[in-house]
Amino acid sequence: MEYILSWLIWLPVVGIVVILFIPREREYIIKMTAVVTTGIQLALALFLWSKFDSGLGTFQFIEKAEWIPSINIFYSLGVDGLSLPMVILTPLLSFLAVFVSWNIDRAVKGYFALFLLLDTGMIGVFLALDFFLFYVFWEVMLLPMYFLIGMWGGPQREYAAIKFFLYTLVGSVLMLVAVIGLYLNCGKTFDIPTLMETAPNALSGVMWWGFSAIKIIWILLFIGFAIKVPVFPFHTWLPLAHVEAPTAISVILAGVLLKLGVYGLLRINYPMLPDAVFWFSGAMALLGLINVIWGAMCALAQTDLKKLVAYSSINHMGYALLGMAAVIAAGAVNGGNQAAAQAGLSGAVFQMFNHGTISAMLFILVGVVYDRAHHRDIDGFGGLAKQMPLYAGMCMIAFFAGLGLPGFSGFVSEFMCFIGAFPVFKVIVIISTIGILLNAAYFLSAYKRIFFGELNEKYKDMPEINRRELLTVIPLAVITILFGIYPRPFLDIISNTIDHLIYQVTQMGGYAGF
Amino acid sequence: MDQLQNYLFIAAILFSLGLMAVITRRNGVAVLMGIELILNAANINLVAFARFGGMNYSGQIFALFVIVLAAAEAAVALAIVINIFNNYSSINVDEVSQLKQ
Amino acid sequence: MNIFIQFALIIYFLPLAAFVINIMFGKRLPRQGDWVSIGAVGISLILSVTMFAGMLLDYNPDFKVEAFWRWIHLGAFNIDLGFLIDNITITMLLVVALVSTMTHIFSIKYMEGDPLYYRYYAFLSLFTFSMNGIVLANNLMLLYMSWELVGLSSFLLIGFWFEKDSASTAANKAFLTNRVGDIGFFIGIMIIFMYIGSVSYGDVFNGVASGELTGTLLTIAGIGLFMGAMGKSSQVPLHIWLPDAMEGPTPVSALMHAATMVAAGVFMMVRLFPIMSPDALVFVAYIGGVTAIFASVIAVTQNDIKKVLAYSTVSQLGYMIMAVGTGAYIAAFFHLVTHAAFKANLFYGSGSVIHAMHHALHKKHDDETDPQDMRNMGGLKEKMPITHRAMFISTLAIAGVPLFSGFLSKDAILAGTLSFAVHHPVHFLLPVFGFGAALITAFYMFRLIFMTFYNEPQKPELIDDIHESPWEMATPLVILSGLSFFIFFTLPYFNPFSDHGWFTDIIHARDSLVAGTPTAHEIAEGIHHSHFPAMLLSLFVAGGGIFLAWQMYLKKSWSPDSVSEKYKTLYLLSYNKFYIDEIYSRYVYTPVLKLADRIAFFDWEIYDKYFINGFGRVTNWLAKLTGKVDYEGIDQGVVDSFGRNTRRAGKMLRSLQTGKLQTYMLFALVGVIFIMIFQVV
């Protein structure tokens, strides 16, 4: 109990060690080890949730130990309302992704070992409270991803893997520079809670080469995180990586890795550089708009189903950006509209979670049909609803959740992002509502082409979605629907943390700090 | 006449002749003879300094040593010359330039 | 908890439960689970009737019950969802439950043998659930959510026969067109929430009344909300989806695309009328008026029986919307209710005819002939007496013939427009649209009746196989025909020329909350004054329309062909639906898709390949350059040159090293001499 966060992080490593001792031919045992490991991890995460005090809004379950005392680096962990949803989502998706990767046919041992390493990295990022540790986990995540795409991916896997790796590495490096900048200017500490308190004051007025240090650090961090989100001009690694990655890895990529961008911005940029939030939020809303429209337009034109889903991720993360930009509504300059800020920020966090479940569902379903047909050409199917009614039904749930239909959680979060951003960015929000329409257009047209019409003769013996695959989709569908009907359990977790964050941003920041 | 300079002068001439022979003669045996001259020039010096420097007989003893040494050296050197002759069919030192390689 | 709220909760959630049960287990249930859905909707009907009876017993125009639950709670940002039950709600609930029940019963035979029978009933239940959400909502949020869910069930049911390409296309079109409207709706909600901070009707009304949201913004918000209604109630220019929606099964058309779902827009406008600014209302009125006349003109030349009814529905919805715009919104609601009964009835009638035609054609193994084309019908009167009578009665109602419900409601609307034009002579076009549409409606409806049931059969070989539909299908026809008579709406009074009755007694108009609008009383006065001329005029135009149809299609004194020949342009415009679909396709869909293609191409082929990969390429090039500098410059040039120069120096010095001891000796000598010279010097 006391070290529950450490257990969450290091459990997969235990799993790796176990897997390394299993002979490579015993594939079933290897898989079961992965199942058990992620399963226990999921149970731990749920237990954490049950013990979590959502009334606090500050870090809980804190663990702190010296690591490299000479430069003030600690092994420091903690969880708050911002990270808890992701700490639950990550093991959940990992657990499901193990089942999704059941049919991996080569180098099973290596695959699952790397997969568990990836799991450690991901959950570590969400739990780290030391900037250095954060960075380390951030990088730990990168490497297994590179191999997982590069070795188990599609035909262009090497290209995709190297592109993913280099692209995200650029982001990491920029982040590292910013981390060092913060470290040197804010009392030589990497401790995130301390930095939240000291950074806004320590940095104000500091100039580097004639530019405000706040702006420079913000930009560095923003680009680092924006690549992960991905925000518009940094987005092209995503469709490629998604298309080439094996299904389970796409699920993880969309479900967890993309969230790191938003999470990082909210965890690092917002509280530490509140002045820059005001400075940058206009641009952020604009980028959100571009993401929404650009992603939707690109998705509309796709013929590859997986690429369509990938572009839809870009589209969906645009809503989250809009919601994040809304935080400045609570600033005094904007009349202190607390409601809008709450709606926007909570909407962004909720959207991040929902996108995790919905796009994971979409990728799993794409994987199902790909396993059977060995292609993903939208126009190459037709009439599958007749042959695979259950699959068509699951896809309908996923697609409609994706296009933001009320009753699914995606709607609630999109709605909150919009309604939060509206008071401050009216024109941008109004234009981006077109995204709702385009969203529906690309999902429905894809659905029609795949499932409606006469059954394609080639697929008249296509087997229906099987139990294992259903098992991976149904939990996600249930979560999506439950939170869509009644979002309060989720919002209750985050609301106090969000209030804290809004307070931090609006009280510490303003336009004057430069 | 009985002065040190005269001895030294003669020894110098002798040394120079020896050196001349060592440097310029091509015949290996002649070079050896030059070396003998140099050694004997040294002997003269040793004896001369012993005689005029009041150093008992150590100079003379040393000169004897040199003579013995010169004999030994001549024996070894002639053996080498014979070997060179066997290998090169010549005792012309210009042709024995393997050191150059 | 109030008994009404409890009833409402049951009415609301029972169909949802039926949906879940049927979609999951329907296939394995006996009779494929149709009884689950029918039972759910039946209980809804019973409860609705009970509530309705309660309302009539109470006879209180101000009756109102509200209940809400917190849905989102973030401190400053809170949203409550809840129910508002007043007389309008109860009436509408009854309409929905009744038509829904009729549809469920009608579908038993109509959909018999369909492989996805259970799913059909599941979807019907889903629809009933969502529609009740619209009716019961006490806030814009639940309204919007139910609004979209109705769109979903409409999508599912239009595309029910998804193997037909036209059906799935129509389903997509319906959903997407509705989404266009929903965007406006959403923007409206955002504006309202921003200024008023709540979405519940009560707070919004209070906010508008206290001037928290006024002027142009209120107008924009109003028009935004109305856009939602335009989408759902298929107003020009978003009307394109409704005619195509006829691809769905006919009972669905009756339920959703005639009686209830498309009326949701009107219902919403009725609910939100008090916050509509005068400018927004003028916009509403013109959209409605144009839709009314526009759609009726198209209906004249259509040959598909369902298409005629579809355009008729569009036109009638235009009427209602126009009435809302002119302030006669209770008249609009009245027409909604009467229209629901007779239009659903017309659709059931057409369904019955199509069913019969389909079976007859099936028997002849004729797959070519279109069972919905009126040119293939004719002379069905004797073969299908119940259907004929039912449709005839409903046609009289829609045409606005006295003694029938349509007369009363249409009259109220026309009086409203007339009164509006009297007060604002600028808007004289509105009554022109209204009366013009009334004329054309009477004409095309009788054209439909004459072409279908009268004259000689166009396909005599089929006539023997045409049979009246079974009782499951006939029952709704009978019940709804009955409801087309005026008496059900004017009780306890018996004056067929006045709409005075329970409806007008307990459903009262509210004053608009926006400054500068006439009060409900003033509007009622105006309507009262215009009542008589409007009635005369409407009688006149209805008679004219019927007469024309009688002349052309029954007596055949004028040949329709020669008329269409004479007015070729107009005929072609009407026949081709004013080319709206073509215009959209040319100027909207195609350019958007093309743009999407371009953007995707740019994104993937240019931006990514050249710009992003360009970084890689530049880095590569730089790497090569540094590699070159490193190897050829530093390694080869500097490091190795030490070696090279040493060797060169060695070579030079080597010439000194002759290998001759004598030379070395000489050097030694020279060296000694040098040293000596230096010693001396």
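# Notebook: helix packing, chain contacts and cores

I began with two helices of chain C: α2(C) and α4(C) are roughly parallel to each other, a term for angles under 35 degrees. This is a predicted model, in which local features need pLDDT of at least 70 and side-chain atom pairs count only at pLDDT 80 or more, while totals for chains, interfaces and linings use all residues. Residues are numbered from 1 along each chain as its sequence is written, and chains are lettered from A and ligands numbered from 1 in the order in which they are written.

**Entry 1: the helix pair.** I looked up the axes of α2 (residues 34-58) and α4 (residues 117-136) of chain C, which come within 8 Å and cross at roughly 20°. Axes are lines fitted to C-alpha atoms, for helices over the stretch in contact, and angles run from 0 to 180 degrees between N-to-C directions. Helices are DSSP runs (H or I, at least four residues), numbered from the N terminus. I then listed the residues in contact (C-beta atoms, placed from the backbone, within 7 Å). On α2(C) they include C:Asp34 and C:Val41, and on α4(C) they include C:Tyr117 and C:Leu124.

**Entry 2: chains.** Which chains share the most contacts? Of the two pairs in contact, they are chains A and C. Their contact takes 42 residues from chain A and 37 residues from chain C. On the side of chain A that touches chain C, α18(A) gives the largest share, eight residues. I also checked chains A and B, which do not touch; their nearest C-alpha atoms are 56 Å apart.

**Entry 3: cores.** I looked for nonpolar cores, sets of buried Ala, Val, Leu, Ile, Met, Phe, Trp, Tyr and Cys residues joined through C-beta atoms within 7 Å. Buried means 20 or more other C-beta atoms within 10 Å of the residue's own, exposed 12 or fewer, and partly exposed in between. The largest core has 453 residues, and A:Ala326 is among those with the most contacts inside it. Leaving aside neighbours within four places in sequence, A:Ala326 is in contact with residues including A:Ala340, A:Leu345 and A:Val424.

**Entry 4: one serine.** I found C:Ser419 in helix α16 (residues 405-423) of chain C. Is C:Ser419 buried or exposed? C:Ser419 counts as buried because it has 27 C-beta neighbours inside 10 Å. C:Ser419 and C:His528 are 109 residues apart in sequence and 8.6 Å apart in space, C-alpha to C-alpha. Not counting residues up to four places away in sequence, C:Ser419 touches C:Gly526, C:Ile527, C:His529 and C:Ser530.

Conventions
Parallel < 35°, antiparallel > 145°, perpendicular 65-115°, else oblique.
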